[in-house]
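Dear colleague,

I am passing on the structure we spoke about, and below it I have set out what was found. Please read the notes with the structure open beside them.

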Amino acid sequence: MQTEHTTRQVLVCQYVNCCANGSAKVLAAFMSDPVPGVAVTGSECQGQCNMGTTVRVLPDETWYCRVKPEDVPEIVEYHLKQGKPVERLLHPRFHSRFYG
Ligand code: FES
């Protein structure tokens, strides 16, 4: 939902490899649980094709990998509503500080 008050953007990859990993359902799950101020859109390939579904949150520059539809409520509740990234889903390539 794009509004003039949008403060965050969620990009859900809809390219080939992520689609094969169910990214359309991940996008649908985000769309079915809209958060005020957060715009959710499908995106082109994000260059992390072997770790899909790739979800990127801007302007935080938070990257999630291997996201399944059942993971979406946790991202919505903790990250988008409370501002706390879901560590277990963070992409280790971008967030290595969480991996020891
Ligand atoms: S196909 Fe999704 S990151 Fe490349």
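What covers the buried residues of α3? This is a predicted model, and in it the cover includes β1 (8-13), α2 (23-31), β2 (38-43), β3 (55-58) and β4 (62-64). The residues being covered are Val 72, Ile 75, Val 76, His 79 and Leu 80, which are the buried residues of helix α3 (residues 72-81). Seen down the axis of α3, these buried residues fall within an arc of 115°, so they line one face of the helix. An α-helix has 3.6 residues a turn, so residues three or four places apart point the same way. After α3 comes Gly 83, whose phi is positive, near 75°.

Turning to the strands, β1 and β2 run parallel and are joined by 6 bridges, with Gly 42 in β2 as the bridge partner of Val 12. The pairing of β1 with β3 is antiparallel and extends over 4 bridges, and here Val 10 has Val 57 of β3 as its bridge partner.

If neighbours within four places in sequence are left aside, Val 26 is in contact with Val 12, Thr 53, Val 55, Val 67, Lys 68, Pro 69 and Val 72.

Key
Residues numbered from 1 in each chain as written. Predicted model: local features only at pLDDT ≥ 70, side-chain atom pairs only at ≥ 80, totals over all residues. Buried ≥ 20, exposed ≤ 12 C-beta atoms within 10 Å, placed from the backbone. Helix = DSSP H or I, 4+ residues; strand = E, 2+ residues; numbered from the N terminus. Arc of directions from axis to C-beta. Contact = placed C-beta atoms within 7 Å. Pairing = 2+ DSSP bridges.
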